[in-house]
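Thanks for coming, everyone. I'll take you through one structure, starting at a charged pair and ending at the ligand. Please have a look at it first.

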Amino acid sequence: MAQSDQDIELGLRGRVALVTGSGAGIGRGIAGWLARAGCLIAVNDIDGAKAEETAALLRASGHEAKAFVANVRDEQAVAELVAHIRRELGGLDVAVNNVGMNAGMPATPFTEWRGDDFRAVVEQNLIATALCCVAEARAMVEQGRGGVILNVTSGETTRPAIRLAPYGAAKAAINHLTQTMAVELGPHGIRVNSIAPGTTLTEQVQKTFPESHVAAILESIPLRRMTGPDELGRLALYLASDLARCVTGQFMLADAGAFLSRSRPAMPAVPRVPDR
Ligand SMILES: NC(=O)c1ccc[n+]([C@@H]2O[C@H](COP(=O)([O-])OP(=O)(O)OC[C@H]3O[C@@H](n4cnc5c(N)ncnc54)[C@H](O)[C@@H]3O)[C@@H](O)[C@H]2O)c1
């Protein structure tokens with residue numbers, strides 16, 4: 001019987017963990033919890049200053065972390081990123097595909113979405129995640145020591161993503177991709193799960209959401225609060241660890257109960273600029 005929490009073996013000490021887009025927000029929260037469990041963290045971001053900042057924060061707390069700048073929408077850059085991490089840190093054991101969001105697109109009524117905008121959102125979410133998954137899975141299969149892949153999707157996949165149609169569709173496709181991967185990669189000892197955050201007040205979200213929208217969301221959530229990057233870090237740690245050694249192909253919602261609410265405040269629509 002365990003006598004103290006130190007007796008619980010998470011199985012992550014000395015493992016190499018990549019978190020894409022961990023220069024800020026949720027990715028930074030996830031990187032922090034994996035680091036606390038003893039992982040060596042590969043901090044990826046397209047923005048070098050942000051990646052360096054997260055890596056420096058982790059090192060200042062006594063953890064091992066290194067920044068790797070790459071755009072995960074670029075297939076070649078992703079292949080090089082994974083190869084670079086394996087060379088520098090000795091392998092790849094845990095990969096969290098966290099890059100996503102709405103690719104700079106405003107909340108838009110369905111009839112006003114244009115093809116190029118739709119493609120941009122799908123590329124930032126489904127395609128970037130898929131490119132990462134392929135490169136990470138290839139590395140893990142080649143290494144022959146199993147691994148864990150976590151894909152960050154969204155609570156938007158549990159109900160209609162009003163005015164965010166391409167985002168909801170792309171994230172829902174990642175949930176399905178996760179299950180396909182779980183089946184194909186399971187025989188290699190690779191577990192694949194997805195994490196679905198509810199509205200999370202990252203710096204970026206705070207800048208974007210009007211106060212009235214935040215208030216309306218809070219009112220609709222059973223726990224009357226939003227999910228934080230730190231809480232998503234805890235969930236990622238659980239799924240990456242041996243505590244979840246039998247869990248694969250799952251979709252784990254962390255939204256403070258938002259999916260149960262009857263009303264869902266939609267993002268205010270932003271009028272389209274005529275020549276776009
Ligand atoms: N914040 C929310 O309310 C919320 C809710 C549900 C799901 N999510 C999902 O959680 C994930 C993280 O969101 P966040 O709110 O922390 O975002 P964020 O914008 O705060 O941080 C994302 C980071 O990713 C980096 N990045 C963006 N594109 C990149 C690329 N192509 N290659 C490498 N790095 C890139 C950015 O520079 C930034 O540092 C996303 O997949 C998002 O869709 C967020």
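Let's start with R224. Its relative accessibility is 48%, so R224 counts as partly exposed. The terms here: buried is under 20% relative accessible area, exposed is over 50%, and partly exposed is in between, with a 1.4 Å probe and protein chains only. R224 forms a salt bridge with E219, and the closest N and O atoms are 4.0 Å apart. By salt bridge I mean a side-chain nitrogen of Lys or Arg within 4 Å of a carboxyl oxygen of Asp or Glu. E219 comes in at 55% relative accessibility, so E219 counts as exposed.

Two notes on the source. This is a predicted model, where local features need pLDDT of at least 70, side-chain atom pairs count only at pLDDT 80 or more, and totals for chains, interfaces and linings use all residues. Residues are numbered from 1 along each chain as its sequence is written, and side-chain values use heavy atoms, with hydrogens and water left out.

Back to the charges. Side chains of opposite charge can pair when their charged atoms come close. How many salt bridges does a search of the whole structure find? Eight. I'll show two others.

One joins the side chains of R28 and E53, at 2.7 Å from N to O. R28 lies in helix α1 and E53 in helix α2, residues 48-60, so this pair ties together parts that are 25 residues apart in sequence. Helices (H or I, at least four residues) and strands (E, at least two) are DSSP runs, numbered from the N terminus. R28 is partly exposed, with a relative accessible area of 23%. E53 is also partly exposed, at 45%.

The other joins the side chains of K66 and E88, at 3.5 Å from N to O. K66 sits in strand β3, residues 65-69, and E88 in helix α3, residues 75-89, so the pair ties together parts that are 22 residues apart in sequence. K66 has a relative accessible area of 33% and is partly exposed. E88, at 42%, is partly exposed.

With 64% relative accessibility, R87 counts as exposed. From the C-alpha atom of R87 to that of P268 is 46 Å, and the two residues are 181 apart along the chain.

Now the loops. T153 is in the loop between β5 (147-152) and α5. Is T153 buried or exposed? Buried, at 2% relative accessibility. Its side chain makes a polar contact with the side chain of N175, at 3.0 Å. A polar contact is a pair of N or O atoms within 3.5 Å; within protein, one must be able to donate a hydrogen and the other to accept it, and residues adjacent in sequence count only if both atoms are side-chain atoms.

R163 is not a glycine, yet its phi is positive, about 65°. Most residues other than glycine have a negative phi. R163 counts as partly exposed, at 30% relative accessibility. M101 has a positive phi too, near 70°. M101 is in the loop between β4 (94-97) and α4 (115-143). Its relative accessible area is 47%, partly exposed.

Last stop, the ligand. Which residues are closest to the ligand? I26, D45, N98, Y167 and T200, out of 30 that surround it. Near here means that a heavy atom of the residue lies within 4 Å. By class, that shell has 11 nonpolar, 15 polar and four charged residues. Ala, Val, Leu, Ile, Met, Phe, Trp, Tyr, Cys and Pro count as nonpolar, Asp, Glu, Lys and Arg as charged, and the others, Gly among them, as polar. Helices α1 (25-36), α5 (165-185) and α6 (203-208) and strand β2 (40-45) each supply at least two shell residues.A backbone N or O atom of N98 lies 2.7 Å from a ligand oxygen. For a backbone N or O atom of T200, the distance to a ligand oxygen is 2.7 Å. The protein covers 91% of the 840 Å² of accessible area that the ligand has on its own. Those areas come from the Shrake-Rupley method with a 1.4 Å probe; for residues, only the protein chains shown count as cover.
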